[in-house]
Amino acid sequence: MAQPVGINIRAEVRGLLALILGRPVGDTENPSRADDPGWDSLKHIEMVFLLEDHFQLRFTPEDIAEFRDADGIARLLEARLAA
Amino acid sequence: MRHNLTVEGPAFRLRPVAMEDAPFIHALRTDPERSRYIHRGAADLRGQQEWIEDYFARPGDYYFLIENRASGEREGTAGIYNIDAEKRCAEWGRWIVRAGSLAALESVCLVYRAGFERLGLKAMVCRTILENASAVAFHDSFGVERVRVLPNYFERDGRSMDAVEGRLSRARWNVLRANTLAKAARAATWVNGNAGPAAGVPA
């Protein structure tokens, strides 16, 4: 049975964040840029590159400004991919 | 000091600070979020202007405004100072980028290009308050070598804070340069509207 797209995106975002942050990210965890000291501005840029390459999208500065936490990233991606 | 050193990147440039930048710098340095880990800014605009006047008279101190090349919008500041002419080493800092700016990575690349490629430095050090975890993490991620911890290096509001001193040699910059500039060039596409780097800028 195919997984609903929304759940997959959230899981994928957490997986990509785990790669960037260099640590596991739990299924219910919502890492945020404000709270995670390892999520520095260079990692943030690398994360956006990873998201662009993984989801085959190009983001705008307005999109990137919304990338404050895992859930926010997933919401934006769900909206972009559903469009 | 008054200087004419300008370094251009794909989306941003470092240019000399001018007196007309005083209102922007004052606002940046008194922003509670941006100024938590830096020396208190001037109490008012006049104080900032007086600081800039003193800076203009101070030799061996390069203060830059980080500027969006296409729009001219001010993005932040950075400086190279305490130059040891014999060792060809200097400290850099005063690195503050306004909230929401995408200039962080490219501006640091431009600082290193200014120091190593224009001023001929062999090494550049930066001192970051340890509590400023995201800035410390940035330098670590960038590839800066942690050299030492400076206990009680910074005092603010009656509280002492330790700092970490990081060092990047020119040799290390030469190793990091291509990959880091490639990341900055790709990030510039966000700023330049996915149209690629601004025209006329070498990699």
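How many residue pairs are in polar contact across the interface of chain A and chain B?

Analyst: This is a predicted model, in which local features need pLDDT of at least 70, side-chain atom pairs count only at pLDDT 80 or more, and totals for chains, interfaces and linings use all residues. Residues are numbered from 1 along each chain as its sequence is written, chains are lettered from A and ligands numbered from 1 in the order in which they are written, and side-chain values use heavy atoms, with hydrogens and water left out.

Across the interface of chain A and chain B, seven residue pairs are in polar contact, both residues being at pLDDT 80 or more. A polar contact is a pair of N or O atoms within 3.5 Å; within protein, one must be able to donate a hydrogen and the other to accept it, and residues adjacent in sequence count only if both atoms are side-chain atoms. On the chain A side, α2 (41-55) and α3 (61-65) each supply at least two of the residues that touch chain B. Helices here are DSSP runs of H or I with at least four residues, strands are runs of E with at least two, and both are numbered from the N terminus. The largest share of that side, nine residues, comes from α2(A). By type, the side of chain A that touches chain B has eight nonpolar residues, one polar and six charged. In this grouping Ala, Val, Leu, Ile, Met, Phe, Trp, Tyr, Cys and Pro count as nonpolar, Asp, Glu, Lys and Arg as charged, and the others, Gly among them, as polar.

There are three salt bridges between chain A and chain B, a salt bridge being a side-chain nitrogen of Lys or Arg within 4 Å of a carboxyl oxygen of Asp or Glu. B:Arg186 forms a salt bridge with A:Glu52, and their closest N and O atoms are 2.9 Å apart.

In contact terms (heavy atoms within 4.5 Å), 15 residues of chain A meet 14 residues of chain B. The area buried between the chains is about 1,400 Å², and carbon and sulfur atoms give 66% of it. Buried area is the accessible area (1.4 Å probe) that two parts lose on being put together, summed over both. A:Leu42, A:Ile45 and A:Phe49 supply 38% of the area that chain A buries against chain B, more than any other three residues.
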